[in-house]
Amino acid sequence: LAPGLLFQISSLARAAYLTIVSSQRTILLLSVSSAVVVTILNLLLVPKFGVEGAAISTTLAILFNCVIANWIFPATRLVANIQLKALFGR
């Protein structure tokens, strides 16, 4: 779960940005889509891997919420570009 925390930190800035630009609907959509992702991953991984599967599915859901979802929703693409620059220096 610790790797997911690295990505989760950036979601705090994203939430503040979305609140400032009055895009709370996007925050709702991000939360719902992440809940769907973690539910599907739990159904697939927990029966096969147990607690480790739950940890993997939670980490992947955090990764989805904090990085991948930024490319899906137009309101957060600016945040995705900032994340890329922060991670890769471009």
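## The overall fold

A helix here is a DSSP run (H or I) of at least four residues, and a strand is an E run of at least two. Counted that way, the chain in this predicted model has 4 helices and 0 strands. Reading along the sequence gives the pattern α-α-α-α.

The chain has 90 residues, and 28% of them count as buried. Its accessible surface comes to about 5800 Å², with 75% of that belonging to carbon and sulfur atoms. As for how the chain folds back on itself, take the contacts with a separation of 6 or more: 55% of them are between residues 24 or more positions apart.

## How α2 and α3 pack

Two packed helices are described by the angle between their axes and the distance between the axes. For α2 and α3, the axes come within 8 Å and cross at roughly 155°. Angles over 145 degrees count as roughly antiparallel, so that is the label for α2 and α3. The crossing of α2 past α3 is right-handed.

Who meets whom? On the α2 side you'll find L30, S33, S34, V37, V38, L41, N42, L45, V46 and F49. Facing them from α3 are V51, E52, G53, A54, I56, S57, T58, L60, A61, F64, N65 and A69. Sorted by class, this contact has 14 nonpolar, 7 polar and 1 charged residues.

## A69, a buried spot in α3

A69 sits in helix α3 and is one of the residues that meet α2. Is A69 buried or exposed? A69 has a relative accessible area of 0%, and buried means under 20%, so A69 is buried.

Setting aside neighbours within four places in sequence, A69 is in contact with L30, F64 and T76. L30 belongs to α2. Along the chain, A69 and L30 are 39 residues apart, yet their C-alpha atoms are separated by 6.9 Å.

## How α3 and α4 pack

The next pair is α3, covering residues 51–72, and α4, covering residues 77–88. These two pack at an angle of about 130°, with their axes 7 Å apart. That makes α3 and α4 oblique to each other, and α3 passes α4 in a left-handed crossing.

From α3, the residues involved are C66, V67, N70, W71 and I72. They meet R77, V79, A80, N81, Q83 and L84 in α4. The residues of this contact divide into 7 nonpolar, 3 polar and 1 charged.

Now for the stretch where α1 hands over to α2. S23 lies in the loop between α1 (2–20) and α2, while T26 is found in α2 itself, which spans residues 24–49. S23 counts as buried at 13% relative accessibility, and T26 is buried too, with a relative accessible area of 10%.

What does each residue touch, leaving out anything up to four places away in sequence? S23 touches L18 and A75. T26 is in contact with L18, F73, A75 and T76. S23 and A75 are 52 residues apart along the chain, but their C-alpha atoms are separated by 7.5 Å.

How values were computed
Residues numbered from 1 in each chain as written. Predicted model: local features only at pLDDT ≥ 70, side-chain atom pairs only at ≥ 80, totals over all residues. Heavy atoms only, no water. Buried < 20%, exposed > 50% of the residue type's maximum accessible area, 1.4 Å probe, protein only. Contact = heavy atoms within 4.5 Å. Areas by Shrake-Rupley, 256 points an atom, 1.4 Å probe, with all protein chains shown as cover. Axes fitted to C-alpha atoms, helices over the stretch in contact; angles between N-to-C directions. Parallel < 35°, antiparallel > 145°, perpendicular 65-115°, else oblique. Left-handed = near helix turned anticlockwise from the far one by under 90°. Nonpolar A, V, L, I, M, F, W, Y, C, P; charged D, E, K, R; others polar.
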